[in-house]
Amino acid sequence: MHDLTWTDGAITLSALNLDDVDDHLAGEDEVLVRWLNGGPGTRAGIEAYIRHCLEQWADSGPLRAFGVRTGTPLSLVGTIDLRFQAPGLAAGQVNIAYGLYPSWRGQGLATRAVCLVCRYAAAEGAAEGVIQVDPENPGSAAVARRAGFTYVKRAREAEGNRLDWYVRDLTVSTVPGR
């Protein structure tokens, strides 16, 4: 079993669990639906996804989904996940996807979460992080750049969507203090 909790003192990443369903549904907005979720969440859909995530943790599967938490007591403010296997990834690469709920955006929390999850991914053996961003999503691209990622290419998915690829070497710290 993998370590399910990582913190930098300001935010904590821990495995999503079924207690997160209501907070996730309350935090979802049109931005998350458009850029991350692919459609509005339902209670049944979120519960099924979290059960799948928990199975992935238990089986050391390629998906590691974290809740991004902050405050005292810790509150769920978004999600970040890693996919150690995905179409287009080379050996040693890990895909990173993230989203924060509206009231938590613009505070640097997404950048902190990306930096923290990169430390986790490196500890799990990943050599390079990949963030795939729709070219019309400048906010996500800005998070990638602030977290030390560099634009490398624009690629087209099998479904025809264009995505800008940002990569970062996870074997060295490219962001001071993170």
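Is L13 buried or exposed? At 1% relative accessibility, L13 counts as buried, where buried means under 20% relative accessible area, exposed over 50% and partly exposed in between, with a 1.4 Å probe and protein chains only. The model on screen is predicted, so that local features need pLDDT of at least 70 and side-chain atom pairs count only at pLDDT 80 or more, while totals for chains, interfaces and linings use all residues. Residues are numbered from 1 along each chain as its sequence is written, and side-chain values use heavy atoms, with hydrogens and water left out.

**Stop 1: L13**

Select L13, which has its place in strand β2; helices (H or I, at least four residues) and strands (E, at least two) are DSSP runs, numbered from the N terminus. Leaving aside residues up to four places away in sequence, L13 touches L4, T5, W6, F66, G67, V68, I80, A113, L116 and V117, contact meaning heavy atoms within 4.5 Å.

**Stop 2**

Next, colour the strands of the open sheet, in which 8 strands follow the order β1-β2-β3-β4-β5-β6-β8-β7 with mixed pairing; two strands pair if DSSP finds at least two bridges between them. The edges are held by β1 (5–7) and β7 (150–156), and because each has a single partner strand, one side of each is left without a neighbour in the sheet. On average, neighbouring strands of this sheet are turned by 30° against each other, direction ignored. For a parallel pairing, select β5 (residues 93–100) and β6 (residues 128–133), which are joined by 3 bridges, and find N95 opposite V130 in β6.

**Stop 3: helix α4 across the strands**

Now show helix α4 (residues 109–123), which lies across β1, β2 (12–15), β3 (63–70), β4 (75–83), β5, β6 and β8 (162–169), and runs at about 40° to β4. Axes here are lines fitted to C-alpha atoms, for helices over the stretch in contact, and angles run from 0 to 180 degrees between N-to-C directions.

**Stop 4: aromatic rings**

A search of the whole structure finds 5 aromatic pairs; rings of Phe, Tyr and Trp (its six-membered ring) pair if their centres lie within 6.5 Å, and planes under 30 degrees apart count as stacked, over 60 as edge-to-face and the rest as tilted. One of these is the edge-to-face pair of W57 and Y120, at 6.1 Å centre to centre with 65° between the planes. This pair links distant parts of the chain, with W57 in helix α3 (residues 43–58) and Y120 in helix α4, 63 residues apart. W57 is buried at 1% relative accessibility, and Y120 is buried with a relative accessible area of 1%. F66 and Y120 also form an edge-to-face pair, 5.2 Å centre to centre and 80° between the planes. Together, W6, W57, F66 and Y120 form one aromatic cluster.

**Stop 5: D164**

Move to D164 in strand β8, a residue that is buried with a relative accessible area of 7%. The D164 side chain makes a polar contact with the side chain of R154 at 2.6 Å; such a contact is a pair of N or O atoms within 3.5 Å, where within protein one must be able to donate a hydrogen and the other to accept it, and residues adjacent in sequence count only if both atoms are side-chain atoms.
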